[in-house]
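Subject: Structure handover

Hello,

Here is the structure for you to look over. My notes on it follow below.

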Amino acid sequence: MSTQKKRAFQIEAFKHRVVVDPKYAEKTWKVLEHAIHEIYNHNASGLSFEELYRSLKLLTESQAQVKEEGMLGSRQQT
């Protein structure tokens, strides 16, 4: 039999904060606006719906995080 100890598997959070491009939101909204126009004009064959979905999801998550940080910051100041 083995006398070695079993080590518990532990998941740790990232040590560094991910920095988003300040103009990411503007660029993504322009891409989404163009995609909406293409869909409206029945010319959606060149669009990647997976890429658009991912962009929209990241954009909404990052905007929610910015709003949440702003709210927490304003609470700490009062």
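The protein chain exposes about 8,000 Å², and carbon and sulfur atoms supply 57% of that area. Please keep in mind that this is a predicted model. Of the 78 residues in the protein chain, 13% are buried. The chain has two helices and zero strands.

Helix α1

This helix covers residues 24-40. α1 has 17 residues. From first C-alpha to last, α1 reaches 24 Å, close to the 24 Å expected at 1.5 Å a residue. Its buried residues are A25, T28, L32, A35 and E38. Seen down the axis of α1, the buried residues fall within an arc of 150°, so they line one face of the helix. An α-helix has 3.6 residues a turn, so residues three or four places apart point the same way. On the other side of α1, the exposed residues are E26, K30 and Y40.

The loop

After α1 comes H42, with a positive phi near 60°. H42 sits in the loop between α1 and α2. H42 is not a glycine, which makes its phi worth a look. For background, most residues other than glycine have a negative phi. Is H42 buried or exposed? H42 has a relative accessible area of 76%, over the 50% cut-off, so it counts as exposed.

The core

Which residues make up the largest nonpolar core? There are six: A25, L32, A35, L47, L52 and L59. α1 gives the most, with three residues.

Leaving aside neighbours within four places in sequence, L59 is in contact with Y24, A25, T28, W29 and L32. Two of these contacts, A25 and L32, belong to the core along with L59.

T28 is the next one to check. T28 lies in helix α1. With 6% relative accessibility, under the 20% cut-off, T28 counts as buried. Not counting residues up to four places away in sequence, T28 touches S55 and L59.

L58 gives a further distance to look at. L58 is placed in helix α2, which runs over residues 49-77. L58 and A25 are 33 residues apart in sequence, yet their C-alpha atoms are 9.4 Å apart in space. L58 has 42% relative accessibility, between the 20% and 50% cut-offs, so it is partly exposed.

The salt bridge

How many salt bridges does a search of the whole structure find? It finds one. The pair is E50 and R54, with the closest N and O atoms 3.4 Å apart. E50 and R54 are four residues apart in helix α2, so about one helical turn separates them. E50 is exposed, at 58% relative accessibility. R54 is partly exposed, at 43%.

Where to look in the viewer

Begin with the buried face of α1, including A25, T28 and L32. Then go to L59 and its contacts, among them Y24 and W29. Next, view H42 in the loop between the helices. Finish with E50 and R54 in helix α2.

Best wishes

Technical notes: Residues numbered from 1 in each chain as written. Predicted model: local features only at pLDDT ≥ 70, side-chain atom pairs only at ≥ 80, totals over all residues. Heavy atoms only, no water. Buried < 20%, exposed > 50% of the residue type's maximum accessible area, 1.4 Å probe, protein only. Salt bridge = Lys/Arg side-chain N within 4 Å of Asp/Glu carboxyl O. Contact = heavy atoms within 4.5 Å. Core = buried A, V, L, I, M, F, W, Y, C linked by side-chain atoms within 4.5 Å. Areas by Shrake-Rupley, 256 points an atom, 1.4 Å probe, with all protein chains shown as cover. Expected span 1.5 Å × (residues − 1). Arc of directions from axis to C-beta.
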